[in-house]
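This report describes two interfaces in a predicted model. The sequence and structure are shown first.

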Amino acid sequence: MELVRDVQAGKKPFKRAYVGIFLWFTGKAVQAAARSDEQVKREFDALPDDFAFSMGCLPNGPWMVVGKEEGAVKYLGGNPEGRHQHLRLKIKNLEAAFLILTFQESTAMATVRNRIITDGELPHALAVMRVLDIVEVYLLPRRIAKLAVKRYPRWPLKRKLFGRFAVYTRTLLGF
Amino acid sequence: MNPESPISFTCLVKINSGDRALENLPMELSGFDAARPLIITGKDAADRKALRTLIRAFGDSGMTFGLFDGVTDTTDLAVIDVLKRTCLEKDYDAIIALGGAEIVDAAKVLNVSLSLKVPDARKISAETPIRGRLRPLMVVLTAGATGLETSSVSRFEGMVFRSEYLAPNLVVIDPRLADMGDGKRIAESGLAALGRLVEAHISTDKNPFRDAYSFTAIRLIAENLKDAVAGHGGKKAATAVGNGVAMSGCVFSNTGAFLLHKLGQVVYDVRRIHPGLTMSMAMLDVLDLYRRRDGHDLAALFHPLAGDEEFALSRPEDRVDGALSLLRRLIADVRDAMGKDTPRNLREAGVPWYMMEDVLERLEADPDGPYLRPLAERMWGEEPSHLKKGQPT
């Protein structure tokens, strides 16, 4: 009998699928919010013309890539390879990504617990975090969104209702 | 800068602690350019459960790793030699030790033989020079640790290896593993760490960096050990004790071996009794000895043991007695939580007199022998003074 045996690391298909779908949907929602929400639009306007960022988990993904192409914000898919990115938000592992994206842990708490690596300039990272917070407020019911964002914003009812409708419609229909 | 009192503090160990800390291992390995680690662990039930958790933590990393789960306290250099050859054949580029005590000692010696490219690991000795960085070594601590896992020391087959490069690069303390052992294992681990920390914290050569570590670690253990052993504190208390234990190794690397450590280690070498148990029997008698010697700052123990508020309200002249009283209460509480059958002296712990003679002989050979021998004799023959019934706490 061999003294040392080789063991292959297992798989986490459910968690991987959840994180993948969440990132895909969020990426599409960022694209939609940039067209529907003034604040998100302003945040992207202040960023470089060719700005792109990715968010995902180490070591093997999944990822989402969002960037500006010809002035419009677009979801650029799930493959960051070979694409210049100004900012990379890397969650250290799939388990941490699952914690964050199932709202068991807020982004702020995950950062405190050293689960996220930010690779890029701080102003870019802060702008993207503000955008992601707004998108989460649009996408999620208040009770869940409060777990995800540091401070739940006080928006007029009109912005919340019409914005949510617009973001969901654009995300699902993809325009 | 005062040239007469140079301060040096080296700690190459990174501590990665907290909820799901294990899942960071693949990323930490990639930071060392390692992708194919060898996991070394023991055969006992807690180690097997911990192993399943560790393997699950690698999920989705796509890694393949080697597994050797046969470390025992009789593992020798011949086994290390076989492991070294296997590592070279199968290209394992890092070592992960899962557990404590002899598992980590074996991992450290294996790392030396691999990194120094020793042709025959059976020829390694304590004199083998270790002057440079070794291969990545990561330690995943479990409840059975002794505190020396994070230190720059390894004891293997009666030899003592020392080098700052022996210390692991990374120590992982995950609540899922910290709480896995029974209360007795957590108690022994915490008491061994507490013994070494207390000795370092009151030692005559003051070092602010080391004191910062020992202060924090003493506080972590004092606040959490009783709850962790009794099972009231859950994973949080056990993880806090784990952190204290890990820090105690860093402190030990920057101090010498003092009386308590020597006592605990000699009894462990002869009879395999956990140093924590021995140290809990001797701690207050040893501190009493230090009190009568010049230069030991016993009052420094009061602050980490009592907390900020009590420290602020205390008078400086009361702090030595206060610290000893708190320590006495802490040890008594922990031993109570360990259960009624916790041995009160070495005889009850199963050390027969012929073995005790061996212990005494070894202690006598030490420069501190004149102090250590009477202490050990008392520990065998009678109940240590602070454990006697009716003793005020």
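## Domains of chain B

In this predicted model, chain B is split into domain 1, residues 14-178, and domain 2, residues 183-387. Each side contributes to the contact: 25 residues from domain 1 of chain B and 25 residues from domain 2 of chain B. The C-alpha centres of domain 1 and domain 2 of chain B are 27 Å apart.

About 1900 Å² is buried between domain 1 and domain 2 of chain B, with 57% of this area on carbon and sulfur atoms. Of the area that domain 1 of chain B buries against domain 2 of chain B, 23% is supplied by B:Thr146, B:Leu148 and B:Arg155, more than by any other three residues.

## Polar links and elements at the domain contact

Two salt bridges are counted between domain 1 and domain 2 of chain B. B:Arg155 also forms a salt bridge with B:Asp269, where the closest N and O atoms are 2.7 Å apart. Between the two domains of chain B there are ten residue pairs in polar contact, both residues at pLDDT 80 or more.

On the side of domain 1 of chain B that touches domain 2 of chain B, the elements giving two or more residues are strand 1 (14-17), strand 6 (153-156), strand 8 (170-173) and helix 5 (175-178) of chain B. Helix 5 of chain B provides the largest share, three residues. By class, this side of domain 1 of chain B has twelve nonpolar, eight polar and five charged residues.

## Contact between chains A and B

Chain A places 22 residues in the contact and chain B places 27 residues. Together, chain A and chain B bury about 2200 Å², 49% of it on carbon and sulfur atoms. A:Leu3, A:Val4 and A:Val7 account for 26% of the area that chain A buries against chain B, more than any other three residues.

Six salt bridges are counted between chain A and chain B. B:Arg20 and A:Glu95 meet through their side chains in a salt bridge, at 3.5 Å from N to O.

## Elements and strand pairing between the chains

Strand 1 (5-8) and helix 3 (94-101) of chain A are the elements that give two or more residues to the side of chain A touching chain B. The largest share, four residues, comes from strand 1 of chain A. This side of chain A has nine nonpolar, four polar and nine charged residues.

Strand 1 of chain A runs antiparallel to strand 3 (residues 64-71) of chain B, and four bridges join them. A:Arg5 has B:Leu67 as its bridge partner in strand 3 of chain B.

Key:
Residues are numbered from 1 along each chain as its sequence is written. Chains are lettered from A and ligands numbered from 1 in the order in which they are written. This is a predicted model: local features need pLDDT of at least 70, side-chain atom pairs count only at pLDDT 80 or more; totals for chains, interfaces and linings use all residues. Side-chain values use heavy atoms; hydrogens and water are left out. Domain bounds come from an automatic or database domain assignment. Contact means heavy atoms within 4.5 Å. Buried area is the accessible area (1.4 Å probe) that two parts lose on being put together, summed over both. A salt bridge is a side-chain nitrogen of Lys or Arg within 4 Å of a carboxyl oxygen of Asp or Glu. A polar contact is a pair of N or O atoms within 3.5 Å; within protein, one must be able to donate a hydrogen and the other to accept it, and residues adjacent in sequence count only if both atoms are side-chain atoms. Ala, Val, Leu, Ile, Met, Phe, Trp, Tyr, Cys and Pro count as nonpolar, Asp, Glu, Lys and Arg as charged, and the others, Gly among them, as polar. Two strands pair if DSSP finds at least two bridges between them.
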